[in-house]
Amino acid sequence: TTLVRHGARCDSEVPKQSIQFRQHSPSRDKTTVTHWIRFCTAFVRNSARLRSPMALKATTSIEEEFELLFEYVVKDRALRNFYREKRDAFIEEDERIHLMRTAESVQNSVLKATAGESSDSMSISDGSSVEGSNSHSTSGCKRNGVTKQTESSK
């Protein structure tokens with residue numbers, strides 16, 4: 001079994017005294033790279049020299065885990081604030097994308113429903129005063145977004 005959380009991976013095959021770091025996403029931004037190096041260094045250094053923190057409860061939220069990581073392990077307020085801002089920006093972007101996808105999905109559903117209604121058979125009058133003689137029955141056949149209408153009576 002494998003447990004993956006916050007960029008660290010623990011395998012049952014790997015000795016319990018080890019930890020594996022995943023790569024950071026590529027960046028040419030000096031601030032981002034510097035903060036990642038500082039985070040990794042503080043994490044390893046403090047993990048080696050400080051007493052292990054207590055195990056977290058299964059009900060601990062991801063936000064609480066984030067705060068506890070920086071409070072008890074990393075111990076660097078500037079790094080905490082930097083990653084807090086990145087996390088918040090990521091959450092905002094994720095919510096924006098989710099809202100856009102939801103809006104697109106609703107729009108597509110409305111278009112499909114509208115297309116379904118317009119393809120049903122309906123009677124169209126040409127506006128003449130003679131009752132029924134100038135009515136045309138059309139049935140829509142939709143192909144490639146174009147509705148082809150056929151007259152069944154004149």
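This is a predicted model: local features need pLDDT of at least 70, side-chain atom pairs count only at pLDDT 80 or more; totals for chains, interfaces and linings use all residues.
The burial pattern along α1 comes next. Thr32, His35, Phe39, Cys40, Ala42, Phe43 and Asn46 are buried. Viewed down the helix axis, the buried residues of α1 fall within an arc of 165 degrees, and therefore they line one face of the helix. Lys30, Ala48 and Arg49 are exposed, on the other side of α1. An α-helix has 3.6 residues a turn, so residues three or four places apart point the same way.

Tryptophan 36 and phenylalanine 39 are three residues apart in α1, which means that about one helical turn separates them. Their accessibilities fall into separate classes: tryptophan 36 has a relative accessible area of 23% and is partly exposed, while phenylalanine 39, at 11%, counts as buried because the cut-off for burial is under 20%.

The aromatic rings can be followed from here. A pair of aromatic rings is described by the distance of the centres and the angle of the planes. Searching the whole structure gives seven aromatic pairs. In the pair of tryptophan 36 and phenylalanine 39, the ring centres are 5.7 Å apart and the planes meet at 20 degrees, so this pair is stacked. Both residues belong to one aromatic cluster, together with Phe43, Phe66, Phe70, Phe82 and Tyr83. At phenylalanine 66, arginine 87 lies over the face of the ring, 4.4 Å from the ring centre.

Conventions:
Residues are numbered from 1 along each chain as its sequence is written. Side-chain values use heavy atoms; hydrogens and water are left out. Buried means under 20% relative accessible area, exposed over 50%, partly exposed in between (1.4 Å probe, protein chains only). Helices (H or I, at least four residues) and strands (E, at least two) are DSSP runs, numbered from the N terminus. The arc is that of the directions from the helix axis to the C-beta atoms. Rings of Phe, Tyr and Trp (its six-membered ring) pair if their centres lie within 6.5 Å; planes under 30 degrees apart count as stacked, over 60 as edge-to-face and the rest as tilted. A charge sits over a ring if NZ of Lys or CZ of Arg is within 6 Å of the ring centre and within 35 degrees of the ring normal.
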